[in-house]
Amino acid sequence: MNDMSKIMYIVVPCFNEEEVLLDTNSKLITKIKELIDNKLISEVSRVLYVDDGSRDSTWDIICELHEKHEYVTGLKLSRNKGHQNALMAGLMEAKNHADMVVSMDADLQDDIDVLERFIQEYENGADIVYGVRNSRKKDSFFKRNTAIAFYKLMRMMGVELVYNHADYRLMSKRALHELEGYKEVNLFLRGIIPLIGFKTATVEYERGERLAGETKYPLRKMLQFAIEGITSCSVRPIRLIAVTGMLIALMSVVMLIHTIVGYFQGGTIDGWASMVVIMCFLGGFQIFSIGIVGEYVGKIYLEAKGRPRYAIESKKIK
């Protein structure tokens, strides 16, 4: 097999995607055939759908597509384990069969017409190729600004992220073998994959509209995702608590000196209102700090148990 006929797998996590799956599959199969015809990938390249415990007919559709198309394979997780775990399951399965693996969402908002550029960067030596949105003009004002705030917050908290990159990327077999070594249960792949190293590249593309169905990341889940990412990849919040505690202690010393000086000068020591405000502030800060520390302790608890990230119930592999 020559260098221009590497095996490529496209991993697509699916959760309740019955409304989009047929259309998505049609476009992906057409694209794979086009890449094969242009001798960019091997004819044994495949699409790998990962059913993340869907409650609709997603898995039935995947099984039908598997019987109908030689390019379709599938995994079914025993229960819903979340997008990141479903994606990891697909990546770990695909690395056993492919030279390079592309991950993308089932709604096909990611532009599959840039796959040729992904492959070109891979052939140029990149082990990881990030798909990066070139703009957010199509997003609503709220979505656009919350997304910007998300990336700025993650960077401020010490999480290494590729700006405007989600989970649309190509990874080589070598990079996937390195990813396998990251054993944490609390997965945040956007923060873990940049830690792998190796040569990387970026490909810009225009993100389209969702074909059908509802977004799997409303505001509540985006906030949960941000908290998961920060606490999984950085200890900076705990350090900020320590720094804030030291600053408050210094302020207390200054106030103590001010009070003593005022007393000996015969000044009136008032401040019931300010005292109550300070007490409320400190009480709230302490509860907030305990919550952050508790989040980290909870993650340690989950990691210490060493439970598997997912269980595969069924495979449809050709």
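Q: Which residue in E4 does Tyr9 stand opposite?
A: This is a predicted model: local features need pLDDT of at least 70, side-chain atom pairs count only at pLDDT 80 or more, and totals for chains, interfaces and linings use all residues. Residues are numbered from 1 along each chain as its sequence is written, and side-chain values use heavy atoms, leaving out hydrogens and water. Strands (E, at least two residues) and helices (H or I, at least four) are DSSP runs, numbered from the N terminus. In E4, Tyr9 faces Val101.

Q: How many bridges join E1 to E4?
A: E1 covers residues 8–14 and E4 covers residues 100–103. They run parallel, and the bridges joining them number 4.

Q: How do the axes of H6 and H7 lie to each other?
A: Axes are lines fitted to C-alpha atoms, for helices over the stretch in contact; angles run from 0 to 180 degrees between N-to-C directions. Those of H6 (residues 173–180) and H7 (residues 189–196) come within 10 Å and cross at roughly 115°. Since 65 to 115 degrees counts as such, H6 is to H7 roughly perpendicular.

Q: Which residues of H7 make the contact with H6?
A: Contact means heavy atoms within 4.5 Å. H6 contributes Ala175, Glu178 and Leu179. From H7 come Leu189, Ile192, Ile193 and Ile196.

Note on methods: Angles under 35 degrees count as roughly parallel, over 145 as roughly antiparallel, 65 to 115 as roughly perpendicular and the rest as oblique. Two strands pair if DSSP finds at least two bridges between them.
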